[in-house]
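Subject: Structure handover

Hello,

Please find the structure below. Notes on what was found in it follow.

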Amino acid sequence: MFGNENGKPADKRSIPMTTAAVVLSVIAVSTICCIYVSFLCGILGIIFALLSKGGESTMSPNARTALIVSVFAVVMTVLLLAASVFTLILQYGSLEAFWNVYMEMVKAYSAGMP
């Protein structure tokens, strides 16, 4: 705790936090198409990567990589969501028009009409 045999202070970085950040960043990137899961795991990966520093002034290489991957996953998720909304607006003219078409389809299928 107080140092190693060389007299240097012990490393205060958290290995479990780094591991959690790496795992969450991988989950975030692999689930970009699942917006809520990817966004949540990406944000948690960023938080855990930053917390893994402990009392040190620098991050471990694994935590830095997890931070970069998590930021990438969050940015890609937001871009995918924005592109989806933009596509809906281009296709239907507005979100309200899309909602009206969607509700007509729900009524048609709930009434049993093909």
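To start with one cysteine, Cys 41 is buried, at a relative accessible area of 11%. Buried here means under 20% relative accessible area, exposed means over 50%, and partly exposed is anything in between (1.4 Å probe, protein chains only). Cys 41 is also one of the buried residues of α2. Cys 34, by contrast, counts as partly exposed at 37% relative accessibility. The sulfur of Cys 34 has its closest cysteine sulfur in Cys 33, at 4.1 Å, which is too far for a bond. Across the whole structure the search returns zero disulfides, a disulfide being a pair of cysteine sulfur atoms within 2.5 Å.

Before the rest, the conditions. This is a predicted model, in which local features need pLDDT of at least 70 and side-chain atom pairs count only at pLDDT 80 or more, while totals for chains, interfaces and linings use all residues. Residues are numbered from 1 along each chain as its sequence is written, and side-chain values use heavy atoms, with hydrogens and water left out.

Overall layout

The protein chain contains four helices and zero strands, in the order α-α-α-α from the N terminus. Helices (H or I, at least four residues) and strands (E, at least two) are DSSP runs, numbered from the N terminus. Of the 114 residues in the protein chain, 20% are buried. Taking contacts between residues at least 6 apart in sequence, 65% join residues at least 24 apart; contact means heavy atoms within 4.5 Å. The chain exposes about 8,200 Å², and carbon and sulfur atoms supply 71% of that. Accessible areas come from the Shrake-Rupley method with a 1.4 Å probe, and for residues only the protein chains shown count as cover.

Helix by helix

Helix α1 covers residues 15-30; at 1.5 Å a residue its 16 residues should span 22 Å, and the end C-alpha atoms are 23 Å apart, which agrees. The expected span is 1.5 Å times one less than the number of residues in the helix. Thr 18, Ala 21, Leu 24, Ser 25 and Ala 28 are buried in α1. Viewed down the axis of α1, these buried residues fall within an arc of 130°, so they line one face of the helix. The arc is that of the directions from the helix axis to the C-beta atoms. Exposed on the other side of α1 are Ile 15, Pro 16, Val 26 and Ser 30. The buried residues of α1 pack against α2 and α3.

For α2, the 17 residues should span 24 Å at 1.5 Å a residue, and the end C-alpha atoms are 24 Å apart, in agreement. Its buried residues are Ser 38, Cys 41, Gly 42, Gly 45, Ile 46 and Ala 49. They cover an arc of only 140° around the axis, which puts them on the same side of α2. Tyr 36 and Leu 40 are exposed, on the face of α2 turned away from its buried side. The packing partners of the buried α2 residues are α1 and α3.

With 32 residues, α3 reaches 47 Å from its first C-alpha to its last, close to the 46 Å expected at 1.5 Å a residue. Buried in α3 are Ala 63, Ala 66, Leu 67, Ser 70, Ala 73, Val 74 and Thr 77, and the buried residues of α3 pack against α1 and α2. Just after α3, Gly 93 has a positive phi of about 95°.

Core and individual residues

Which residues form the largest nonpolar core? There are eight: Ala 21, Ile 46, Ala 49, Met 59, Ala 63, Ala 66, Leu 67 and Val 74. A nonpolar core is a set of buried Ala, Val, Leu, Ile, Met, Phe, Trp, Tyr and Cys residues joined through side-chain atoms within 4.5 Å. The elements giving two or more residues to this core are α2 (35-51) and α3 (61-92). The most comes from α3, with four residues.

Not counting residues up to four places away in sequence, Ile 46 touches Leu 67, Ser 70, Val 71 and Val 74. Ser 70, in helix α3, is buried with a relative accessible area of 0%. Leaving aside neighbours within four places in sequence, Ser 70 is in contact with Ala 21, Ser 25, Gly 42, Gly 45 and Ile 46.

Met 76 also lies in helix α3 and counts as partly exposed, at 32% relative accessibility. The C-alpha atoms of Met 76 and Ile 32 are separated by 7.1 Å, with the two residues 44 apart along the chain.

Regards
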